[in-house]
Amino acid sequence: MAAIYQAAYRRASSLTCRLHSTYVRKMRYLSELKEDDSLCRQAQASGTFYLFHKLSPFLQKVGKKYLVPQLSAAELKKILEKFKETEQWIEKSVLIGCSDEHVPYFALDLGALEKSVIESELKGLFTDLRKALFVVDGRDSSLLASAQSLLRWHDSHQYCSKTGQSTQKNAAGSKRVCHASRTTYYPQMSPVVITLVSDGNRCLLARQPSFPQGMYTALSGFCDVGENLEETIRREVAEEVGLEVESLWYSASQHWPFPSSCLMIACHALVRPQQAEISMNSLELEEARWFGLEEIVEGLKREPKSSKQDDGSFLPWFPPKQAIAHQLICEWVKRQTS
C-alpha cells in the first residue's frame, strides 16, 4: 500500500507542479529527494557529481578559466573501479541542488583515496576552497561552498551527543539520525554580521593578521546568543573600532563556508563625523582606518598581485566580486557618486 500511495502522490505532485513556475517545480523536486530515500537513490544513478578530496573541490583549468567538472554516475563508477571500490561509495554523497531540468547535483568526498591518481585520471587538481571560490563563476562558487559545508557537517556529526552511538545520514544527506535515542540532527548555520561603517564621506575598512597582504574588508562578527542583528552590529563596531553606531540598514546575505557554515548578513552603518576617531581593538584587528572615495575606487580596480610596491609594501585592495563585502563597498561608492 505504501508503494501505491507514494506512486499516486508523485503523480499528483507532478500534475500540480505543471501549474507552477520552473522554480517551484525545482524546489518541490528537491524536497521530495530529501524526504524519500528510495527516490534519492534513483536520482543518484542519473545525477551529476562534484568531487572533493578532504574538503577541497576538484577543478580543471581550461585556458585562463577554471571549471568545476560534473561527473556522471557512470564516470564516477569508473574512478571507483580503479581503486577496486564498489559503487556503494556513491551513497556517501550529499544532495546540493538540481538543474531546471531536474538533473540532481551531488557532492562526494574521496578523501580516503589517493589524490594524485584521481587528479591524473581526470586531468585537474583538488584546490583549497578559499582559492577555488575566487576563480570559478558565481553559480559554481555557491554550489562548492554549500557542498563543502554539508560534507564538513557530516564528517563532524557522526556520533550522537546524547548516546555516543553512531548516527546515520539519510540518502540526500539533509539530516542524520541516532536510532538509539531517536534524535534527528539537521545541518545548521551560524549568523554573522558584516558591516560597512561610514561617517558620511568616508568608509571604514580593517584587516586581521591572517588576511593576505594588503587586503582590507568590512567589519564582521558572530551573533551572540540572545542578540538581534542590530545589537550585534552595534556591539561589534564598539568592540572592534570603538565607535558608536547612529543608524544602520540591511543590504543582503550570503552563505559563507568559513570557518564552518555561516550566514553572512551584510549591513551598512552610519556613525557621527564628530565621533569618528578610531580606537582599535588590537586583539582582533591588525589595522583599521578610514578610506576616502578616490582611494576606494582605485582599490576596487587593483588585483592582489598588482598591490605590491617596489619597497615591499602593499597598496590596499578589497575582496573580489564573489564576496559580499565587495557588494557593500560598491554600494557605498554608488551612494557617494549618485
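This is a predicted model: local features need pLDDT of at least 70, side-chain atom pairs count only at pLDDT 80 or more; totals for chains, interfaces and linings use all residues.
The structure holds 0 disulfides and 7 aromatic pairs. Ring pairs join Phe134, Trp256 and Phe258 into a cluster, and Arg130 lies over the face of one of these rings, that of Phe258.

**Cysteines**

- The number of disulfides in the structure is 0. Cys203 takes part in none, and the cysteine sulfur nearest to its own, that of Cys330, is 11 Å away.
- A disulfide requires the two sulfur atoms to be within 2.5 Å.
- Cys203 is buried, with a relative accessible area of 0%. Cys330 is partly exposed, with a value of 32%.

**Sheet β8-β9-β10**

- An open sheet is formed by 3 strands, in the order β8-β9-β10, with antiparallel pairing.
- β8 (168–169) and β10 (183–185) are at the edges of this sheet. Each has a single partner strand, so one side of each is left without a neighbour in the sheet.
- β8 and β9 (residues 176–178) run antiparallel and are joined by 2 bridges. Lys169 has Arg176, in β9, as its bridge partner.

**Helix α2**

- Helix α2 spans residues 22–35, which is 14 residues. The distance from its first C-alpha to its last is 20 Å, close to the 20 Å expected at 1.5 Å a residue.
- The buried residues in α2 are Lys26, Tyr29, Leu30, Glu32 and Leu33. They cover an arc of only 155° around the axis, which places them on the same side of α2.
- Tyr23 and Glu35 are exposed, on the other side of α2.

**Aromatic cluster**

- Among the 7 aromatic pairs of the structure is that of Phe134 and Trp256, which is tilted, at 6.3 Å centre to centre with 35° between the planes.
- Phe134 is in the loop between α6 (129–132) and α7 (138–156), while Trp256 is in strand β14 (residues 247–256). The pair therefore ties together parts that are 122 residues apart in sequence.
- Phe134 is partly exposed, with a relative accessible area of 35%, whereas Trp256 is buried at 18%.
- Trp256 also pairs with Phe258: the ring centres are 5.5 Å apart and the planes stand at 75°, so this pair is edge-to-face. Trp256 and Phe258 are both buried.
- Which residues make up the cluster linked by ring pairs? They are Phe134, Trp256 and Phe258.

**Arginines over rings**

- Arg130 sits over the face of Phe258, at 4.0 Å from the ring centre.
- Arg289 sits over the face of Tyr216, at 5.6 Å from the ring centre.

**Arg272**

- Arg272 is found in the loop between β15 (262–270) and β16 (287–291). This residue is partly exposed, with a relative accessible area of 41%.
- Between Arg272 and Ser181 there are 54 Å in space, C-alpha to C-alpha, and the two are 91 residues apart in sequence.

Conventions:
Residues are numbered from 1 along each chain as its sequence is written. Side-chain values use heavy atoms; hydrogens and water are left out. Buried means under 20% relative accessible area, exposed over 50%, partly exposed in between (1.4 Å probe, protein chains only). Two strands pair if DSSP finds at least two bridges between them. Helices (H or I, at least four residues) and strands (E, at least two) are DSSP runs, numbered from the N terminus. The expected span of a helix is 1.5 Å times one less than its number of residues. The arc is that of the directions from the helix axis to the C-beta atoms. Rings of Phe, Tyr and Trp (its six-membered ring) pair if their centres lie within 6.5 Å; planes under 30 degrees apart count as stacked, over 60 as edge-to-face and the rest as tilted. A charge sits over a ring if NZ of Lys or CZ of Arg is within 6 Å of the ring centre and within 35 degrees of the ring normal.
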